[in-house]
Amino acid sequence: MREKVAVLGGGIAGLTAALELSATPELRAQYEVTLYQLGWRCGGKCATGRNVANGSRVEEHGLHLWFGGYDNAFSVLADCYRELDRPPGHPIATMDDAWSPLSSVVLYDNYGGRWSHVYRTFDIEPGRPWDSVEVPRFWDLLANVLHTVEARISWLRSESAGRMSASRVGPVGRVLRPVGDWLERLIVRIAVVVAEWHHRHRPTGRASRRRAHPVAWLLAQVRDHSWRRHVCDHLGEDAIRHSFSELDMMLTSMIGILRDELLWNGFDSIDDLDFRDWLAKHGAQPTTLDGPDVRVVYDESFADSTGRVTTSTDMPRTNRDDRGAFAAGAALYGLVRTRLPYRGSVMWQANGGMGDTAIAPMYETLVKRGVDVKLFQKVTRLAVDRDRMVIDRIDVEQQATPIGTYQPLIDVKGLACWPNTPRWDLLERGADLAASGIDFEAGDSEPHAAMTPLVLGQDFDKVVLAISAAALPAICEEVMSASPAFKTMLDHTQTVMTQAFQLWLQTTPSDLGFPYGHTATTSFVEPVDTACDNSQLLWSEDWPAESTPKSVWYFCGVMDDVEGENDPADPRDRAKAAALGYLDVIGAQWPGIVGPEGFRWDVLAAVAAEDDIAGPARFDTQYWRANATSTERYVQTIPGWTKYRLRADESGLHNLFLAGDWTRNGMNIGAVEATVMSGMQASRAICGSPKKIAWDGHAWLVGA
């Protein structure tokens, strides 16, 4: 008799747990896995939908990039592609078809009330992240950082020499200048040699620990000498300020890792501090703390504005300032994982919607393995047997009734895709439900929906709880009562709304005065501070020939909670207002999109039938959303609170296992890689597989 596992939630954490539990014939013979998912599609916060009535365009929850250091996420997905073994003619047959590299970003900086920007490019490294897993050691990272630092200081030195030549410097200054240059080169070269020695020999244990503080002192000399000699008197020069900002953050991060002995104590040992405060503690300059290289860390993790505690209806916490809050260890760990050790490109973009490129293959692989994926399942209650300390019943509401077997995917140009609405024709009373405006993903159900209790020993033996954190208090009252640690975790879990919009353009940004090619932008105006060119997926949309857009850009950002805002339409209206507010200032990025009368609405692409719509009303042909429901809210990593997170096997109940970006998964931030790691950990807690999870724990730092 196979042991039955109920996976609650079909986001990436739940999908990963189900994939790992069914990864081999032996596991499939041992476990019967059933996945229960709210609404008509899987993917959670990475779900996408195709708008068939509007060019079969991709409509996303937000902006999703995978990073070249996401070893586990790429590994799990690569296994799915290999197992599906799509034919050569398939539009996305392999991982090489599925992903495109993105190796640049534009960072915006508002210094002294004036906008400037810096264009950062990253080297294309050998390999691809789905080919193999290669976890570096800290000394490898330090050597990598110092090669970048050496180039930055060389540039700053040349800029200083140019300024000296243009100024009236006395003979003493001209004599001493070469001496200063020689000393600076010597300090930097010594630091590089030390890092390269450690990179080659990789000392561990006491030998490594003894060298930490002297190396940190040497790095501080490099940083502080550069600041005094080249930067402090020239902060008004954008290029100098931007160059030092990157140098300062990288070196200060390395200095702090060594001084605080994070190689041995773990990154979470500094999670009681905010990331900016930790950088300041180790000597980062104020211009760096307020500059784009630090802002992007907060912007990309929606940490620039704090939201609500999951177990409270009170208003958001009050911060010390308006810059948000991000636990230092988690922020630093995320920075290391996404920025430094990567193969191929630092970032990767899906060549279809995220739902088509990642979520659909994961779902199809589960179905092929015989995993039962049940859609339209609203989990309402986990009941606890206090005597045995187990989940003994799960109440599930059937939101809608399929006619026969519900097939959730549709074909768009040969690609299996999730539609942006349920397939009403495959549901009983589907037309009436569509006309009623029912919103399954907000938790709505059809009238007189059936409640089905899942019973321990009959329908399940073990449970993987992979539902988003903000939805858990309503479902898990008995779990919180039985497990004080679980309640404490949710009392110290904070989530925030996000917002997004997408623009399809009849031209390219380069034709509108944007000086760069295919790239991303971030740290621009709040609250929608981040954007990315996603034109690489236009091929997968099905526009009329006369209405095919030339480019498409995605925009996203955080969204503050507003007191008394209970109508779901209110956040959506605010998201639209924020999008329009962004378009009021987008001329700072794309000068050509602004004409004599303001924003050029005619640049927005629409299907042929909508071509006669003019002015601001043309924005209504685009796409925007507020991610406001409990399952859509982003989980934040608040200073002092990661210690309350629970690991996969620490729920306090014998048959309940945890998966999600709200768990203590090692990464502890709202990222695809963190959710994949949590799903793998939940599977391992149940069946012992997978035995190895890349980057699990912090021993990778010193090879322990």
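**Notebook: Glu-261 and its chain**

I looked up Glu-261 and found it in the loop between α8 (238-259) and α9 (262-265). Helices here are DSSP runs of H or I with at least four residues, strands are runs of E with at least two, and both are numbered from the N terminus.

I noted the ground rules next. This is a predicted model, where local features need pLDDT of at least 70 and side-chain atom pairs count only at pLDDT 80 or more, while totals for chains, interfaces and linings use all residues. Residues are numbered from 1 along each chain as its sequence is written, and side-chain values use heavy atoms, without hydrogens and water.

Is Glu-261 buried or exposed? I read a relative accessible area of 18%, so Glu-261 is buried (under 20% is buried, over 50% exposed, partly exposed in between, with a 1.4 Å probe and protein chains only).

Which residues does Glu-261 touch? Leaving out residues up to four places away in sequence, I found Arg-209, His-213 and Gly-256. Contact means heavy atoms within 4.5 Å.

Then I turned to the whole chain. I counted 20 helices and 26 strands. Buried residues make up 59% of the 704 residues. I took contacts between residues at least 6 apart in sequence; 76% of them join residues at least 24 apart.

I checked the overall dimensions last. The C-alpha trace spans about 90 × 65 × 55 Å along its principal axes.
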